[in-house]
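Me: Here is a model to go through. Let us take the sheet, then the ligand site.

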Amino acid sequence: MTVMEQRGAYRPTPPPAWQPRTDPAPLLPDALPHRVLGTAAADRADPDLLRRLYAELVRGRRYNAQATALTKQGRLAVYPSSTGQEACEVAAALVLEERDWLFPSYRDTLSAVARGLDPVQALTLLRGDWHTGYDPNEHRVAPLCTPLATQLPHAVGLAHAARLKGDDVVALALVGDGGTSEGDFHEALNFAAVWRAPVVFLVQNNGFAISVPLAKQTAAPSLAHKAVGYGMPGRLVDGNDAAAVHEVLGEAIAHARAGGGPTLVEAVTYRMEAHTNADDDKRYRADAEVEAWRAHDPIALLERELTERGLLDEDGIRAVREDAEAMAADLRERMNQDPVLDPMDLFAHVYARPTTQLQEQEAQLRAELDAEIRHHEDEPDHRDEPDHRDGPDHRDGPEVNAR
Amino acid sequence: MTTVAVKPATMAQALGRALRDALAEDPTVHVMGEDVGALGGVFRVTDGLAKEFGEDRVTDTALAEAGILGTAVGMAMYGLRPVVEMQFDAFAYPAFEQLISHVAKMRNRTRGATPLPITVRVPYGGGIGGVEHHSDSSEAYYMATPGLHVVTPATVADAYGLLRAAIASDDPVVVLEPKRLYWSKDSWNPDEPQAVEPIGRAVVRRRGRSATLITYGPSVPVCLEAAEAARAEGWDLEVVDLRSLVPFDDETVAASVRRTGRAVVVHESGGFGGPGGEIAARVTERCFHHLEAPVLRVAGFDIPYPPPMLERHHLPGVDRILDAVARLQWEAQS
Ligand SMILES: Cc1ncc(C[n+]2csc(CCOP(=O)(O)OP(=O)(O)O)c2C)c(N)n1
Ligand SMILES: [Mg+2]
């Protein structure tokens with residue numbers, strides 16, 4: 001008797017609680033990153049949109065260059081440039097409606113500026129005069145987020161809240177390839193999928209997390225494939241093809257608006273400059289690799305498409321460049337003015353109402369500043385002032401030795 | 001006017017009532033966490049709320065503390081008032097990055113443009129025979145994080161009042177709920193709940209002249225018991241219940257110590273780097289010339305929380321408190 005015959009009566013059934021949840025096939029990303037420029041799909045693209053994208057790409061690159069120059073001049077503490085990634089930055093900003101929200105990472109100053117933020121206000125974090133120099137509610141741009149991937153659950157929560165309130169609002173959250181290894185990436189995608197929150201995650205896979213290449217970050221077939229594990233669609237797009245990024249994000253946003261839930265988009269791009277001005281990329285990557293990507297430059301790709309189709313001529317290109325120069329000149333001029341700082345701001349926004357402890361510390365700083373001013377006024381009398389003061393408990397009056 | 005009988009209620013019931021009243025009064029209040037829905041939370045604090053307010057307002061979330069608090073940040077950014085339940089003290093740690101880098105700082109980093117009215121409820125402390133990772137006193141971590149308020153009730157009435165105040169606050173508040181007091185009972189009229197006191201006021205639970213016991217949360221009943229026992233020794237102890245660790249009520253504490261001239265800080269949290277060091281320093285700075293003896297601390301040992309069969313040796317008890325009181329240099333008085 002064979003084993004099969006012995007088991008004749010046995011018919012495998014799934015465990016009682018098991019049932020198929022979703023079919024993974026429709027969630028899988030395409031084998032190759034989606035492209036529009038240089039393909040037949042480009043003919044369908046809106047020429048005005050392509051021209052707008054082009055103008056913003058050129059402005060964006062100029063912005064990156066200007067910010068990097070300002071860093072070298074000491075006007076910024078640090079600048080993580082998105083040169084080479086402008087297609088993602090710009091498409092992310094332009095694809096959103098006014099009422100939607102953008103959740104940028106620390107590298108995405110450009111996306112915030114392309115969304116309409118004042119270019120100087122967007123840089124206060126990196127200049128160092130205040131962490132977030134803008135009101136997030138004004139342009140619906142969350143604070144530029146440095147702890148990697150921690151902004152992703154915020155985007156999910158905001159999108160969820162908007163849906164609970166019945167508002168037609170989508171959140172678009174940006175993260176790097178390195179950030180996808182963080183626990184918050186996982187938790188955000190999981191919450192988004194369970195809640196079917198109207199949120200879109202855009203991973204800019206620029207090849208590196210500072211010095212660490214993607215191969216050391218993940219063993220997944222692609223970052224877009226990670227979506228399947230959460231039950232959301234994953235899309236793969238050429239991150240240097242602004243039209244393609246705009247299209248894929250647009251579809252994901254429309255899907256979210258229609259109640260279809262979140263999408264994970266992986267944009268394949270490349271960080272053309274070092275991680276920041278403080279980094280030395282010669283230690284971990286070859287020039288040849290950078291050069292190979294230069295041939296796939298987002299601005300050149302779009303410029304060729306526009307000129308070959310007669311949508312842009314020399315005059316048009318010149319006008320775009322002049323506009324970018326004017327923006328850079330304005331940025332330069334305004335950034336070369338020292339920001340006006342009020343040290344008392346240190347205490348202004350810790351709590352809605354400062355605690356008595358903070359009020360005491362505020363008084364201490366105030367006294368120190370007053371002493372500094374007197375010192376500057378060069379009054380020798382004040383220089384010899386003892387620097388201890390009454391006990392810190394001003395409200396109760398100084399402790400007295402009276403027993 | 002009908003008078004409602006004042007009935008005994010537990011702290012857990014008062015907390016649940018506070019959530020219910022907040023949910024009913026303010027449509028932006030949302031309760032979220034692990035098992036807070038059908039089950040009513042592992043301590044039953046949210047019992048019945050999902051049924052009454054629906055799953056959109058009282059939400060069983062996926063099991064991920066950073067995700068819970070992180071999404072609460074986004075909800076608060078959109079104008080909601082999330083009340084997050086962490087299932088146990090030690091299981092709030094995965095959410096620390098969200099708490100410290102975002103919840104505590106968002107108002108500050110946005111210059112007040114994005115306040116986060118989030119309440120984080122954390123059952124904390126030992127004494128319930130919990131196995132490993134269920135009995136931590138984590139208050140020092142929260143206290144050391146500027147931007148957070150930290151409150152902890154010791155009575156049924158305060159549980160209601162402090163939680164209502166926390167939810168009403170435009171700042172993030174960590175509400176540390178002493179696990180072993182969840183089932184403590186008090187005569188409390190749930191139909192006429194106590195007025196909500198502003199966060200930041202300590203209260204003298206027992207008047208006394210000999211020395212002040214400064215304490216909070218789960219150690220308050222222990223200190224009251226110690227004060228009763230101390231009468232036999234001829235000590236008349238005052239007991240101050242801090243209620244709020246941040247902001248800290250220097251005024252009430254200093255006024256008490258100035259009256260009594262002696263102080264012992266009592267808490268379950270470890271002594272080294274614990275709240276008692278900060279409190280003792282503040283008292284000394286303000287009351288130095290009134291003090292007859294150094295401020296002493298009775299704290300948990302500086303050890304990882306012990307297994308349940310040994311926890312009674314770790315927790316500050318009446319004897320250890322009285323020993324400390326005895327060391328307050330009484331001989332100098334005679
Ligand atoms: C939680 C956290 N860990 C470490 C860092 C330090 N850090 C800043 S950028 C960076 C690399 C990020 O790589 P990736 O997510 O790919 O973004 P990219 O820099 O390429 O835009 C690291 C490790 C951080 N900011 N946050
Ligand atoms: Mg990267």
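Reply: Ready. This is a predicted model: local features need pLDDT of at least 70, side-chain atom pairs count only at pLDDT 80 or more, and totals for chains, interfaces and linings use all residues. Residues are numbered from 1 along each chain as written, chains are lettered from A and ligands numbered from 1 in written order, and side-chain values use heavy atoms, without hydrogens and water.

Me: What is the strand order of the open sheet in chain B?
Reply: Strands are DSSP runs of E, at least two residues, numbered from the N terminus. Two strands pair if DSSP finds at least two bridges between them. The sheet has seven strands with mixed pairing, in the order 3-2-4-5-7-6-12.

Me: Which are the edge strands of chain B?
Reply: An edge strand here pairs on one side only. In chain B these are strand 3 (58-60) and strand 12 (244-246).

Me: Which residue in strand 7 of chain B is the bridge partner of B:Pro123?
Reply: Strand 5 (residues 119-124) and strand 7 (residues 173-178) of chain B run parallel, joined by six bridges. In strand 7, the partner of B:Pro123 is B:Glu177.

Me: Why is the site of ligand 1 shared between chains?
Reply: Count residues with a heavy atom within 4 Å of the ligand. There are 16 around ligand 1, with A:Tyr106 and A:Asp177 among the closest. The site is shared because the surrounding residues come from chains A and B.

Me: How far is a polar side-chain atom of A:Arg107 from an oxygen atom of ligand 1?
Reply: A polar contact is a pair of N or O atoms within 3.5 Å. A backbone N or O atom of A:Phe208 lies 2.9 Å from a ligand 1 oxygen. For the A:Arg107 side chain, the distance is 2.6 Å.

Definitions and conventions. Polar contact = N/O pair within 3.5 Å; in protein donor to acceptor, adjacent residues only side chain to side chain. Helix = DSSP H or I, 4+ residues; strand = E, 2+ residues; numbered from the N terminus.
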